[in-house]
Amino acid sequence: MENVTIGFIGIGAGILLLLLRVQIGVALGLVSFIGIAVLLNMRAAWGIITAIPFNFVGDWNLTAIPMFLLMGFIASEAGLSSGLFRTMRMLLSWLPGGLAVASVGASAVLAAASGSSVATSSAFARIATPEMLRYRYDPGLATGVIAAAGTLGSLIPPSILMVLYGYLAEVSVAKLFAAGVMPGIFTALAFTVMIVLRVIRKPSLAPKVETGFTREEVLEAVKDTWALPVIIVGVLAGIFLAIFTPTEAGAVGAALAIVVAALKRSLTWKVLLAGFRQTLISTASIFMVVIGTSLLGRFMALSGVPGFVADAFIAWGSSPLMVILAVSLLYLLLGCFLDSIGILLLTMPIILPMANEAGLDLIWFGIILVKLLEIGLLTPPVGLNVYIIKGALGDRVSLTTIFRGVGWFVAVDLLVLLSLIFIPGITLWLPGMME
């Protein structure tokens, strides 16, 4: 049996295990171990499976992941985002669909502090959605906006997906963070415009709420939200001004979150222990997946599957646009069944050689991938962010209604994606300023 055939059998076996709900890191590690043993021998397989996890866990660059997670969890546990929606509501409730627009703005800010779509969606599913439902907002709009705005956590830096992509593609994480700023803002503005236009066309989607806030109330609310902007500006300014590296920025961000929580007198041992506990669990989960996909990458390289696939695409057409189209279709399909980190790590051994062969800018390509993964967080039947909203609300809103609500936002996301593909300057302007 040819090596390439063994590689494709391994991919099929891995997909079957994933469909059977085997943990992705375990499934990919098991398939890779058996595949390497078949291609080489059992001794080589044991050598690889013991060396890769050790080298991976000891990689200094990846310490940014637990540090950024700790920053987000401390900010969440200490309640640093508690007044965020209230402030945005006061500032933006005069707009048509003001509470939904406020949810987009608040989610964008929290996304920049947490780096996690799941954390952002989970927080505002409990804060903003009940408020919109209380004011008789359309349930699809009230839930769809939180599920969609939560995906900004993947794009607006600091982003865990960007750290992982930068590590695997061997590109500057700082430039990736810079490249994500404009697309993140662009997406938030596009969501806002869509909400306003829909509500103007059909006012019953979002009845008006009171806007008679005094100047003192607005100022008091703004003062209550100083914590997150301090953390965000401190981290991003330090990275973009080259004061510290993105790896060090994670530790700086975590330290800032702890200091700011202490200054606000919301830091307790319970908050610290909860933050560290969630960080350990999330880090272990992510690292397990990454180790499994690293082993898969070694198996794929030995089997020759990446080269075979790249050659097939070159024969079909190796233009950058053709590669982007193929990757987009693949990611949109996988997004219906797998989580975003799993998709990124599972596909990188195959699509990265294709991108290099086509001469694509890997910074721009990384942002396109993250944008595609954002969309995958909303598409059925998996749609992780949709299930987060459903879990937070219980039986108050049906799953069908939430998926119906996110449909408009997926359409906007696709338009933004096309803009990023055909106007690379949106993505590459800030990274170009860093050179």
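**Notebook: a helical chain, looked up piece by piece**

I began with helix α2: twelve of its 16 residues are buried (under 20% relative accessible area, with over 50% called exposed and partly exposed in between; 1.4 Å probe, protein chains only), so α2 is largely enclosed by the rest of the structure. Helices here are DSSP runs of H or I with at least four residues, strands are E runs of at least two, and both are numbered from the N terminus.

I noted the ground rules next. This is a predicted model, where local features need pLDDT of at least 70, side-chain atom pairs count only at pLDDT 80 or more, and totals for chains, interfaces and linings use all residues. Residues are numbered from 1 along each chain as its sequence is written, and side-chain values use heavy atoms, with hydrogens and water left out.

**Entry: helix α2**

I checked the length of α2, residues 24-39. I listed some of the buried residues, including I24, L28, F33 and L39. G35 also sits in α2. G35 is buried, at 6% relative accessible area.

**Entry: the whole chain**

I counted 22 helices and zero strands. How many of the 435 residues count as buried? The share is 56%. I then looked at the radius of gyration, taken over C-alpha atoms. For 435 residues a compact globule would have a value near 22 Å (2.2 Å times the number of residues to the power 0.38). The chain has 22 Å, which agrees. The C-alpha atoms fill a box of roughly 75 × 45 × 45 Å along the principal axes.

I looked at contacts too (heavy atoms within 4.5 Å). Among those between residues at least 6 apart in sequence, 79% join residues at least 24 apart.

I looked up T129 in helix α7, residues 117-134. T129 is buried, with a relative accessible area of 0%. Leaving out residues up to four places away in sequence, T129 touches F124, A142, T143, I146 and L393.

I moved on to F244, in the loop between α13 (227-240) and α14 (246-263). F244 is buried, at 16%. With the residues up to four places away left out, its contacts include G234, V235 and V252. The C-alpha atoms of F244 and A174 are separated by 10.0 Å, and the two residues are 70 apart along the chain.

Is R215 buried or exposed? R215 is exposed, with a relative accessible area of 65%. I found R215 in helix α12, residues 215-223. From R215 to L30 is 61 Å, C-alpha to C-alpha, and 185 residues in sequence.

I kept the phi values for last. Most residues other than glycine have a negative phi. R136 has a positive phi of about 60° although it is not a glycine. R136 is in the loop between α7 and α8 (139-150), and at 62% relative accessibility it counts as exposed. R265 has a positive phi as well, near 60°. I placed R265 in the loop between α14 and α15 (269-303). R265 is exposed, at 79%.

Conventions
The expected span of a helix is 1.5 Å times one less than its number of residues.
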